[in-house]
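Hello,

Here is the structure for your set-up work. My notes follow below it.

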Amino acid sequence: MPKDLSGFISRICAEFPDQVVSVRRPIRAAEFEVSAILQHLDDAGQYPMTLFERPINMLGEESAFPIVSNVFGTRERCALALEMPPEQSKLPLSLEFARLERNPIEPQVIDAGEAPVKQVVQRGDEIDIRRLPIIKHFEADLSPVITMAAVMKDPDTGIYDVSFVKGFPKDARKAGVSIHTPHLERILAKYEQRGEPAPYVHILGHHPAFYLGALALTLYDSDDYHTIGGFLREPLRLVPSETWGNDFLVPADAEILIEGEIPPGERTVVDPFGEVTRLYQAQCLRPVLDVTALTHRRGAWYQNIFSGHQGHWNLGSIPKEGSVYNALQRRFGIIEAVSLPMSGCGRLACYVSIHKQREGQGKEVAIAALPESWGFEVIIVVDADIDVFNERDVLWALYTYVDPTRDIDIIHNYTKNVFTSAFQGSRILIDATKPLDVAFPEKYRMPPDVMKRIDLDEWIEAGARWLRDRAPTGARP
Amino acid sequence: MDRIFWVKCPGCANRFYCDWTLRRAGFDLICPFCQRTFLPDESPELDERWFGHG
């Protein structure tokens, strides 16, 4: 069976039932109730894949489409999506991601009759995108927002690019679309220069490996449909679109597709929307989408990303960690691990651990890491015995080893960060490795042979048996 | 993030912010709280302070 979202949900439900929760009651998606559930789970430190079986849509009707969110909520689930064991969800997952992005697989074109996403086809007046259970996430969001990704096609080379976008429904067949990735912006600019409408297809729901593949750090002239096949480990199945036929192929195993055209030069007001940094995106002008067709599976899932939360952050960190590691390791050969932590929204901060051999290497590595992503604001380099996936460890090194006068550098007049306002054009590099050029205190440790000999499971047992054994006989339960 | 400015909705008095490109673009802003549309200069309060711009 080709990989799809329904199959992944079924697998997680069957093999990892503790990673799934369901909301069976009707829930008003456009009135914050879905995001309130997700926020409560986040507040409790829980990130299960969350199924909303009876969402109410923007029209106040029970939607035909159940919602799934938090698919990417844990690195373990992202590892499962890429056919890796969950226990390899730290650096091995990121390195596997970096390997997969260099192993594209050619897609396969199938007939519409075989394509699940063509089981229901709507055109013209049949379409009302507001029937989808579109979620209003945050208090000051302009409207409910469609998340996930869209595909566009370069009019010159014919390559397809799949990138994450936002859609703001304006009426039954019109939406504002926030295109903010360099590749999609470039494609849209080409159509606008020609004065032609740009074909655009919003992909609402597919196997998580599809979306992880879409985030691969590939060059503009590589075709994302090929790259995504590498991540699925099988050819991505494509089918002619309803609007443009063979001239624009769409993913056959998607849950829901919204096809439409972006008229050149037309703009509409979109945002605010609570973004990846947990700040609202400012209200702004974005292109307009005129919807031409809506196709979906029978019983399709409506997939959503809970913006500015763990699943969203994993989608930033996992694709970059492997490539940063590879770039630094090629140059220095002393890199232990790389992490883009949750506190930096998976984008703003980068922690690197090194096997430091001489003073100055921490700073060299920090300088080299900075240009590896335009989102980095802070680079912290630590020793190899610090787990960069454990923020408490990293902050311990920061507070214990750093002399601000020599270990913290501020780079001025750097590129302005697109994510936040605070770092106007500055970056911070911190060498939090233990100094080697002065007599410096040693970090304590337990004798390794004793640690190895003492197996916790053999020595401790659950419960307060000490109290029970010493309680008066009559008081024993 | 590029320069922003805060506005106060003349209808519901809630505040939100906009990209600076909307300041004099001639487009109506849309209040996310009550959906009222208005031009920036119709806002009873504008906060245009920005780094290096007073």
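Ser339(A) stands opposite Tyr351(A) in S20(A). Some conventions before the rest. This is a predicted model, where local features need pLDDT of at least 70, side-chain atom pairs count only at pLDDT 80 or more, and totals for chains, interfaces and linings use all residues. Residues are numbered from 1 along each chain as its sequence is written, while chains are lettered from A and ligands numbered from 1 in the order in which they are written.

**Sheet**

S20 covers residues 349-354 of chain A and runs antiparallel to S19(A), with four bridges joining the two. Strands are DSSP runs of E, at least two residues, and helices are runs of H or I, at least four, numbered from the N terminus. Both strands belong to an open sheet of five, ordered S19-S20-S21-S23-S22 in chain A, with mixed pairing. Two strands pair if DSSP finds at least two bridges between them. S19 (335-339) and S22 (408-411) of chain A are the edges, each pairing on one side only.

**Loops**

Cys345(A) sits in the loop between S19 and S20 of chain A. Its phi is near 60°, positive although the residue is not glycine. Cys345(A) counts as buried, because it has 24 C-beta neighbours inside 10 Å. The cut-offs: buried is 20 or more other C-beta atoms within 10 Å, exposed is 12 or fewer, partly exposed is in between, with C-beta atoms placed from the backbone.

Asn70(A) also has a positive phi, near 65°. It lies in the loop between strand S3 (67-69) and helix H3 (75-81) of chain A. Asn70(A) is buried, with 26 other C-beta atoms within 10 Å.

One peptide bond to check: Asp271(A) to Pro272(A) is cis, with omega near 15°. Pro272(A) is in the loop between strands S14 (267-270) and S15 (273-274) of chain A. Most residues other than glycine have a negative phi, and most peptide bonds are trans.

**Domains and chains**

Chain A is assigned domain 1 (89-309) and domain 2 (333-431); such bounds come from an automatic or database domain assignment. Their centres, taken over C-alpha atoms, are 33 Å apart. Five residues of domain 1 are in contact with seven of domain 2 in chain A. Contact means C-beta atoms, placed from the backbone, within 7 Å. Between chains A and B, the contact takes 14 residues from each.

Best wishes

Conventions. Two residues are in contact if their C-beta atoms, placed from the backbone, lie within 7 Å.
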